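Subject: Structure for your review

Dear colleague,

Please find below the structure that I am handing over to you. My notes on what was found in it follow directly after.

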Amino acid sequence: MSMFCYQCEQTAKGAGCNTIGVCGKTPDASNLQDSIMDNLKETGFYLDKIAQIREGCSVELDCNRVKETALKALFTTVTNVNFDVQRLESINNDLVELGREVKSAYLNLASLKGISPEEPEIPAGQIVSIAERKELLNEDIVSLQEILTYGMKGAAAYADHARILGQESDEVYKFFFYALGLLTKKNPSVEELLGACLKCGEINLKVMELLDAANTGTYGHPEPTRARITPIKGKAILVSGHDLKDLEELLKQTQGTGVNVYTHGEMLPCLAYPGLKKYGHLIGNYGGAWQDQKEEFAEFPGSILMTTNCIQNPAGYSERIFTSGLVAWPGVQHISDGNFRPVIDAALKAEGFKEDGEEKYITVGFGHNAVLGVADKVIEAVKAGQIKHFFLVGGCDGAKSGRNYYTEFARKVPDDCVILTLACGKYRFNKQDFGDIGGIPRLLDIGQCNDAYSAVKIAVALAEAFGTDVNSLPLSMVLSWYEQKAVAILLTLLHLGIKNIKLGPSLPAFITPNVLNVLVEKFSIAPVTTPDEDLKQILGYVPARI
Ligand code: SF4
Ligand code: SF3
């Protein structure tokens, strides 16, 4: 076996990628990502020990560098982020160097305090593979270790976005270092790992709150906005991923160039931020979710900027696609200094749209501020029996055919129900007309996966308004998962005690039957079945809609 990875929903045969990733990750890239995680765990162990001796990192360490390196190491190993061996090598080398400094700072500190120094039970370089750990520990322990690892990767992705906009918290790093240290233990108990997984959910909630503050503090609260989803004649740049700051920089640099900027995938919600939509040449959205990019990017007559996941093999258009931040593909030009001139030049060189497309719009921008701004109306509609149920249908999208479930489910939701949606899974149905209930749109697009905090805030506010808890609300969550950010969000929902979540399109390969039993017993989590069956179970009847 030259590699092993089962961290995403797309994993080969629902069990694990072991020759090459279904995502396109090569064995070299996969093994380097394992090595990054391995080195990070050891570094985390020592940082946690330092934190136990004294507050903060250590006088000898550059704390900013420590924090940034930790976030980047975790985020770079998220599915569909970094496929470039050279860049992975450089991140790994930085980490090895940092690890050495951290260890020596710990040893110095321990000797200064007269404490006999400890060592990780599983140092970096030993018992790396999942198969080895399964043999040494047991399958359920490895399952929980991986849930924790993926939860941290997801939370780190959100934390990195928040940090870029100046929001971070030491509580978050402290947890990461503790959890990384825990992952170096030879005999962790089920209880401590389960506890750490739920704590990871709590920390992720904190991270998402920071990210919400970062985004809304910098660009204002999203407001309901009619977003054009067809092109306009002229030169064009398409921006995908999740990073608002890169989009803003690009918008500044394209001002007056005559180039229009379009959002793609998870960037769609950017069209609703006052601080971004003020740029008149942020013209609308083009295309759908990440897994359609090969066709959509090939047809797009301009240049493309990937600011984060999810990137796919850009064969056929590699000379006009660019990456920024942590995302990387071998041979694709990376913009590391914030100067997007090469992206603009490529757009000017390309054909551009020859004519306007037929005018079509959808409405976006229902973040917590916008929804809670009409809370009175919503509550009245519920009390008057006009709104019978809320469904949160969304999450990560992917390529599997079983994902039609979500399109069908949304279509079958009765007219007296409201659908809240978020993340790239929304593209399964967000261009359909769902109408409204007394002026309240039946489909409310909350935003990116990065805006899951908004969904939590809306649910908690509704529960407060009705004097109940979230589980007693007429609200059901029907979620799709694909990568590790979805794991982080799921852990947050579990930390909040939210029950009866329906999860699909298939359950993670890294969850063993015993761990699944715990989740079912404690949280009544269930895999999706068919839209009819699930709607019947939630509403008590099968809606008549075809
Ligand atoms: Fe396979 Fe997913 Fe891992 Fe890629 S990220 S190698 S598709 S399990
Ligand atoms: Fe999508 Fe990659 Fe996760 Fe942000 S863009 S939700 S999968």
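I begin with lysine 400, which is partly exposed, having a relative accessible area of 34%. Please keep in mind throughout that this is a predicted model.

**Salt bridges**

Lysine 400 forms a salt bridge with glutamate 9, and the closest N and O atoms of the two are 3.4 Å apart. This pair links distant parts of the chain, 391 residues apart: lysine 400 is in the loop between β9 (389-395) and α14 (404-412), while glutamate 9 is in the segment before α1 (27-53). Is glutamate 9 buried or exposed? Its relative accessibility is 3%, so glutamate 9 counts as buried.

A second salt bridge brings together the side chains of glutamate 118 and lysine 49, at 3.5 Å from N to O. Glutamate 118 lies in the loop between α3 (85-113) and α4 (130-136), and lysine 49 lies in helix α1; the pair therefore ties together parts that are 69 residues apart in sequence. Glutamate 118 counts as partly exposed because its relative accessibility is 41%. Lysine 49, at 12% relative accessibility, counts as buried.

Arginine 133 has a relative accessibility of 6% and counts as buried. Glutamate 146 is buried as well, with a relative accessible area of 4%.

Which residues are joined into one network by salt bridges that share partners? They are Glu9, Asp397, Lys400, Arg403 and Arg428. The count of salt bridges comes to 25.

**A negative surface patch**

Glu355, Asp356, Glu358 and Glu359 form a negative surface patch. One of these residues, glutamate 358, lies in the loop between α11 (341-349) and β8 (361-364). Glutamate 358 is exposed, since its relative accessible area is 60% and the cut-off for exposed is over 50%.

**The sheet of six strands**

The structure contains an open sheet of six strands, with parallel pairing, in the order β13-β10-β9-β14-β15-β16. In general, strands of a sheet pair through backbone hydrogen bonds, either parallel or antiparallel.

How many bridges join strand β15 to β16? Two bridges join them, and the strands run parallel; β15 covers residues 502-504. Leucine 503 has proline 527, in β16, as its bridge partner.

**The loop between β15 and α17**

Two residues in this loop deserve a note. Proline 505 has its place in the loop between β15 and α17, and a cis peptide bond joins glycine 504 to proline 505, with omega about 5 degrees. Isoleucine 511 lies in the loop between β15 and α17 (513-523). Isoleucine 511 is buried, because its relative accessible area is 18% and buried means under 20%. Isoleucine 511 and isoleucine 147 are 364 residues apart in sequence, yet their C-alpha atoms are 7.8 Å apart in space.

**Other backbone features**

Where else is there a cis peptide bond? One joins asparagine 309 and cysteine 310, with omega about 10 degrees. Cysteine 310 lies in the loop between β5 (303-306) and β6 (321-324).

Lysine 13 is not a glycine, although its phi is positive, at about 55 degrees. Lysine 13 lies in the segment before α1 and is exposed, with a relative accessible area of 87%. Alanine 423 also has a positive phi, near 70 degrees, in a residue other than glycine. Alanine 423 is placed in the loop between β10 (417-422) and β11 (436-437). With a relative accessibility of 1%, alanine 423 counts as buried.

Yours sincerely

Note on methods. Residues numbered from 1 in each chain as written. Chains lettered and ligands numbered in written order. Predicted model: local features only at pLDDT ≥ 70, side-chain atom pairs only at ≥ 80, totals over all residues. Heavy atoms only, no water. Patch = residues over 30% accessible without salt bridge, like charges linked within 9 Å, V, L, I, M, F, W, Y side chains within 5 Å. Areas by Shrake-Rupley, 256 points an atom, 1.4 Å probe, with all protein chains shown as cover. Salt bridge = Lys/Arg side-chain N within 4 Å of Asp/Glu carboxyl O. Lys, Arg positive; Asp, Glu negative; His and termini not counted. Charge placed at Lys NZ, Arg CZ, Asp CG, Glu CD. Helix = DSSP H or I, 4+ residues; strand = E, 2+ residues; numbered from the N terminus. Buried < 20%, exposed > 50% of the residue type's maximum accessible area, 1.4 Å probe, protein only. Pairing = 2+ DSSP bridges.
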